[in-house]
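Student: Could you go through this structure with me, a bit at a time?

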Amino acid sequence: MVLIALAFAVFASALPGFTTPFSLFAIGRQIGIDTMIGLAMMAVIVTGGLDLSVGAIGVSAAMVFGWLCERLGLPLAVSIPGALLFGALLGAINGYTVVRSGVHSFIITLASMSIFFGVMIFLTKAEAFRGLPPEVAGLGRLKLGGKVSALLAVSLAACVALSVFYRFTTLGRRMLAAGANPRAAEISGVRTGRMIIACHALTGALAALAGLMVTARTGAAVPSMAGQLGQDWLLPAFLAPVLGGTLLSGGRVAVFGTLLGAAFVNVITSGLLQLRVGEFWIQACLGLILLAAVLADRGRHTILRRRGLV
Amino acid sequence: MTAALEVLHASKSFPGVKALDDVSLTLQPGSIHALLGENGAGKSTLIKIVTGLHRPDAGEVRLNGQAVGFANPRQAVAAGIGAVHQERNLVTRFSIGENIMLERLGAHALSPIDYGQIHAEAAKWLALLDLYIDPRRPVSSLSVAQMQLVEIGKALALQTRVLLLDEPTASLTPNESQVLFGILRRLRDDGVAIVFVSHKLEEVFDLCDTVTVLRDGRNACSGVPLKDLDRQAVVKMMIGRDERIAKRAPRPRAETAPYLELKNVATSAGHRDISFSVRPGEIIGLYGLVGAGRSELAKAILGQIRRTGGEIRVAGKPAAIASPADALHKYGIGYVSEDRKQEGLILLHSVLGNAGITVWRRLSNALGFLRDRTIIDHTAPVLRQLEVKTPSVYQTIGNLSGGNQQKVSVAKWIAAGVKLLIIDEPTVGIDIKTKAYLHDLIHDLAEQGTAILLITSDMPEMVDVADHILVMSGFAIKGEVENDRNYERVSQAIMGFIHDNASTGAAA
Amino acid sequence: MNDSKLTRAFDNDWIGPALVSLVAIAAISALQPSFLSSFNILVLLSAIAVNMLIALGQLVIIAVGQMNLALGSIGGLVAISFAAMMEIWHLPPLVAMGGGLAIGVIAGMASGFVIARTGISAFIITLAGLQIFKGINLGITEAQPFYGVPQSVKDFGNVALAGPIPWLVLPMVAAAVFMWVLFNRLRIGRYILAIGGNRNAAELSGINLDTTVIWAHALSGLLAAGAGMMLVARLQIGHPAIGEDWLISSFAAPVIGGAILSGGHVSVVGTFFGVVIIAIITQALVLFAIDPFVVQIVLGALILWAVGINRLREMRVARAKA
């Protein structure tokens, strides 16, 4: 938090263009999207696993959304839940395969990322859905209170909902228990296998939501919005939760930390951009930030271990 | 004569526990030294210090009179200290010979390996151990006993002068153990200093020359010749009091209908023809040595291990328990695991998160929501009743002492109000006071009508707590003993059943 | 041990994939005779050569029980550095090649060093590495290819050595033979497998875990560098996108070849047939004019299939023991 404020202050004072309403709006919108991607990955990191296919699921869900709206002419009230359900379904398939095969989620989701993305491209012929209802693009442009992106508000709402979920619902608590120590949770009457599937499904739904948010920003459902195989989402997906303090070994989440992590990354990125650091070098910087973040995570973990918690 | 290995005044603390407090150990070359102590007395910590896995907070380790400080296991190995740990440390896909010679496959990283020479060299060490098997065979094709010998061979191949064996006979049959002892005696006569850790006192008296006993992280004795001691004296040093204790009067067997009944149960883990029953208010003890199949039976009751035959009845009706969740929610069966850290508790989570895990489902409202307050209301009385010492219920449970952790892992089942509680080695690594407290607690639970299945390999505990004792060995029930609290009689009856099994060579 | 020779042969890692390759070749050439044309074989072998190095680069990391997401980005970085050294500094190809290999080794060692010293999962470190190397790549090229690749290099990537066999096969054979020797005959290779097979045992046996892990990553970087430069020769330009699509196939081939992902068991020959299968399928889809994106689906399905097969075989081994 202090870091973000500091970075923000530095850039704000150094760059006159940094605090213009438009700049803030653009940063906020991107923070909103990155947060959602990060939350999606966080939901599966809870289990100590990961999901390489978040990008592929996000894009696929966005394309399903486009298809429901544009081809079938369904109202948003149907097509949005439809897309989210579709994402959850894909996630559940991942989870089911992981649980049944006993193979690490890395290799399963590596394969499913390829399959989901391949099927999506095959079915859409790599064509975008551009004739979406104007409300979609409108949401992407919507400024609440004249400054704040509606997408950021969506992510904030998701953060609140997830915090409540993990703290005040049986399902959320069980997910955390199953993630922290599957064997102990199982013996205490938690159905660990189902929890892992549920975590993957939640990841899928959140990834789908992130896909819809990107669609809202561009005003169209574009198959290439997350890069080849959806790989472009991988870095934000891990950066935000890890920076935010989610334990990679599972069992502990930091929902608002993920939001702060995404905020930190975007403030730095846009600051560097406006300082005219080449766009490409920023990618390398992001890699370095991730490295620094995991080193910090490791430090925390070592402290936890010294205190006998792991 | 210079001692082969000395540990002088070593202390080691872990968060919340002082594992070793001013402990000394002296090993003479050409002798077999027993290291004894109850679970949690500090034996493993001492071994880990000698083998370079831990560094002592205070005190020193001397090898042939020279002070040494090992930063990692490699240095200990290089100094000639070999260890055979409880878990097997072999690369199972590699050949026997390659495992034995793993340290010396070649002079440098890129040297080509001469397998002919390696296997010839390995064969020499195997022959020394009377193990005439082809060193080219993969380790994965060996029996557990053979793997153990291969590990000893591997240690010897490194010019080991100090050999530590941690519970080497835990998974061996008596015949295999005798073969091992013959080899150890021969090594002793060749001048090797051997440390032998075992729970089986008969073996210790049979094999060892001197003994060091640890209790609660301190020396109960150090380097005493075993011929000066008798069994009673050793046991007294280990548990700090006389072995025979019969505080509680024997309880008459309940006449109520059984809560849990097993009829000719067989499992995929290898159990066969298991039949017994547990009535409400009754404490049934299940005695057996490590590897007898007791915890596996508990897991079969919980549905984690597949039942391949027979019938399990709960409260008189046939029960199909598919998972621990079924066991808890449908049949009111709970299980306190022997492995507190891996299976009992979620160390990363709070006291509340652990104590309440069994009741979340029951306490949540229709939408699956629940509040901390509700859980606290439900679990706090139990935590208070069990005198769990914690600054607050939000304290991370990993920060509590072992005794308090164990209380929480029992408390969660009491909070869930289970009808049958399976308790597996409840007092391993627990201090004496909490141990006595837990015994009282088990008793009180039974008095209140809970059916209890107590699994333990701690004989005094078994005699002190159980009403009726089943003896398990080789995944089968070998006999039953009515517990009249007469330690001599009951323990001999139990050992008789185990020995009977052992002499037929049927142990797994 | 009542196994007959035959069943034992089928337990071998590479028999299955080899049979699948043969059947696939027979089936496809029956349907489409041009599959066995000398031009097509040349194309096929070139693809196999490059992909074999990529797969071996991942194989050595799988052997030690880790994964390397940065493989492609190291290959890409080396590819553009190799082209840049020849175009901008006019270095002779062999010198540039030496430089490229050095970059690959250094990049790999850097990942290995951080992983070994911090104990953080290789996944996350190599993900950061992926981003860093990719960023440097794009920072240097600004996403524009280098075109000034000397003719000799272009020839190496496109001219046949003899008949339908391309020059590119030479580095592949060298790498494959070396890796086979490494895993079967060299101390460092056995140590890599020992760590992957049982980390505890390896440590207690006095194997230096850190050094061995760093070596494995250095070797992985070296192989990625080789593959990157072979692609420069083949494509005739130093394209910044080289390496972007390596990730999936780098895992698919070793897994099809029977590698166990938790480490300790790999097969170089099996991996070779894994590469062959992937190349044949890719090529066949082109020949039958099927949407190239189907390749992605097939690759993903192949990984799942191979994981399933390996799992079954493991269970059989476990049952045979019990």
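This is a predicted model: local features need pLDDT of at least 70, side-chain atom pairs count only at pLDDT 80 or more; totals for chains, interfaces and linings use all residues.

Student: Okay, in what order do the strands of the open sheet in chain B come?

Tutor: The 6 strands of this open sheet in chain B follow the order S16-S17-S18-S13-S19-S20, and their pairing is mixed.

Student: Which strands stand at the edges, then?

Tutor: Those are S16 (333-336) and S20 (476-482) of chain B, and each has a single partner strand, so one side of each is left without a neighbour in the sheet. On average, neighbouring strands of this sheet are turned by 20° against each other, direction ignored.

Student: And in which sense do S13 and S19 of chain B pair?

Tutor: Strand S13 (residues 283-287) and strand S19 (residues 468-473) of chain B pair in the parallel sense, over 4 bridges. As one example to look up, Tyr287(B) has Val471(B) in S19(B) as its bridge partner.

Student: What does helix H9 of chain B lie across?

Tutor: Helix H9 (residues 294-301) of chain B lies across S13, S16, S17, S18 and S19 of chain B, and runs at about 155° to S17(B).

Student: New topic: how many residues of chain B are in contact with chain A?

Tutor: On the chain B side there are 31 residues, in contact with 25 residues of chain A. Helices H10 (324-331), H11 (340-344) and H13 (360-363) of chain B each supply at least two residues of that side, and the largest share, 4 residues, comes from H10(B).

Student: What classes of residue are on that side of chain B?

Tutor: The side of chain B that touches chain A has 14 nonpolar, 13 polar and 4 charged residues.

Notes: Residues are numbered from 1 along each chain as its sequence is written. Chains are lettered from A and ligands numbered from 1 in the order in which they are written. Two strands pair if DSSP finds at least two bridges between them. Axes are lines fitted to C-alpha atoms, for helices over the stretch in contact, and angles run from 0 to 180 degrees between N-to-C directions. Two residues are in contact if their C-beta atoms, placed from the backbone, lie within 7 Å. Ala, Val, Leu, Ile, Met, Phe, Trp, Tyr, Cys and Pro count as nonpolar, Asp, Glu, Lys and Arg as charged, and the others, Gly among them, as polar.
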